[in-house]
Amino acid sequence: MTNPQIEIQLIGVVVAMACAIPGVFLVLRKMSLISDAISHSILPGIVIGFFITQDLNSPLLILLAALTGVITVVLVEVIQKTGLVKEDTAIGLVFPSLFSIGVILIAKNANDVHLDVDAVLLGELAFAPFDRLFISGMDMGPKSLWVMGIILIITILLLFLFFKELKVSTFDKGLSAALGFSPFVMHYGLMSVSSITVVGAFDAVGAILVVAFMIAPAATAYLLTANLKKMLLLSILFGAFSAISGYWLAHILDASISGSMTTVLGLLFFGVYLFAPNKGLLSVLYRQKQQRTEVSLITFLLHLNNHSEENERHINHLNEHINWQKVRSKTVVDLALKNNMISISNNIVSLTEKGKEFTNLALKYIMTNKDEKIEYMKDDFFLFRG
Amino acid sequence: MEQKFAIKVDDLTVAYDYKPVLWDIDLAVPEGVLMAIVGPNGAGKSTLIKAVLGIIKPIAGSISIYDKPYKEQRKLVAYVPQKGSVDWDFPTTAIDVVMMGTYGSLGWIKRPGQKEKKAALEALEKVGMLPFKNRQISQLSGGQQQRVFLARALVQNASIYFMDEPFQGVDASTEIAIINILKELRKAGKTLVVVHHDLQTVPEYFDWVTFLNVKKIAAGPVKEIFNDDNLTKTYGINYKVAINK
């Protein structure tokens, strides 16, 4: 690996990590779209900042642009408070307006500004290593690595200091306010950090893709864990992983680096969506199938329980009588047999003692409708185990 | 004998977008009562609690907790919001939610430690939720979630408890468990303010009641003022049939 290659990956990883942290809270607060709004409406801030500083990595520019981000949030809330439109409409009104002001500003000054709309939208990570930081003639590395590095460190520091406040104000605004942790302060704190992160990151990955870096890792982690700390950690890991593997994907495909990173983020989410242990699609489908069988089994046992007459319990009769297809009947009978709940002699099915006990418990469960009961039952009767 | 007031509300008016939700409320809650706030939907019951707790800013009036503004008395007050006001899919466990009750006494930045964890476990035990302490909150039933919320208030170890519909969507056994805990708290000298919907159970559960419908209709001991007259004034329909014991 060459030096610039390492530097690009490093910048990618730092950007991804810095985005993932506020992203988790945006996702949990159902404010994902706000990151989209911020990332676009900082454009006029960046352009004006660039006129003043002539440097995309200047701290002044970052603060100016971040301010535009916070103004976006305020504007969205003001419009929403009129009660005339809903939040999504308010977002849709605010950010294109601000963004277009930025576009006009760039177009009007295209000749003397080294800033074009393509770079703003998509970023150009490949050029990041060329803009270097020199301190008294010494090469200190790419400027954007420094900028994002500092933003990342501040973000982590704030997260450590205010983790409990962020958690309670995200989970329960009312309690947070009653306890004296102003949800207003936490909200705007988070918005400020998000804005600064977006401004810092946009140079590298652009205004559109930075949204993916904020939302996708958090959304992926959300499917895997029920623990906020783990969710943060997983998001950071997913972000970093996507940055590195995205870089190499771009290398192989000879394509846009930020585009490839985002593609990996999307694939990662899709994979987890399919295979996550609890919330994943396959797991949900499997559970539904299991529940269907469970209900069928109980129906079958209840039928046996309700009928002592032999003709009602003849194996061929059962097929027609409960109105199931052969395959399903066989699955259910096999399951009942495997668990020693029924015995079959001369094609007449009868409940065993264990089967009777299970049926009675199941009846109780149905009558009281208590979810927890059936879980114990499954343990007791070895149902679906082994 | 002069009565000590836990909560005093004077001339309180609250408005959402200039539409008054509470109008000129005067209310004095004596120390040590178990009080129900009753009134129809949109009467401003939750709003009253939220205004007392500083969650909503009133446009007029003043509120005091033991003769001081709420801001100075936060540690004396515990709050149970409506169960529906939070996202139960939030990635956290029952014990973690209960621990949030300790955040107030910790203040900014400081983190909960062993002492707070112990208090949370005790509170979970009291509401019968200890076996579920590590369960993800979305995996709890409605009644269990309400018990967790109650435990979170217990852990605050307050003098005054505000509860917004703690019996909403819970099964009968949970309702009994909760009311027993509330009665125990009152015995220990705590003051409890509960937004309540089920008029039938008011005389059985509470000893103090406030009738609210944007304006205060009446407030006082259940035995004296919980009658058809006040119910009719509050709900605007004749309640003779409904509460005929």
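Me: Which residues have the most contacts inside the largest nonpolar core?
Reply: This is a predicted model, where local features need pLDDT of at least 70 and side-chain atom pairs count only at pLDDT 80 or more, while totals for chains, interfaces and linings use all residues. Residues are numbered from 1 along each chain as its sequence is written, chains are lettered from A in the order in which they are written, and side-chain values use heavy atoms, with hydrogens and water left out. Those with the most contacts inside the largest nonpolar core are B:L182, B:F206 and B:V209, and that core has 141 residues. A nonpolar core here is a set of buried Ala, Val, Leu, Ile, Met, Phe, Trp, Tyr and Cys residues joined through side-chain atoms within 4.5 Å, where buried means under 20% relative accessible area with a 1.4 Å probe, protein chains only.

Me: And what is B:F206 in contact with?
Reply: Leaving aside neighbours within four places in sequence, B:F206 is in contact (heavy atoms within 4.5 Å) with B:L34, B:M35, B:A36, B:F167, B:V194, B:H196 and B:V222.

Me: Switching topic, how many residues does each chain bring to the contact?
Reply: Chain A brings 30 residues and chain B brings 31 residues.

Me: How many salt bridges are there between chain A and chain B?
Reply: The count is 3, taking a salt bridge as a side-chain nitrogen of Lys or Arg within 4 Å of a carboxyl oxygen of Asp or Glu. One of them joins A:K167 to B:D96, with the closest N and O atoms 2.8 Å apart.

Definitions and conventions:
Buried < 20%, exposed > 50% of the residue type's maximum accessible area, 1.4 Å probe, protein only.
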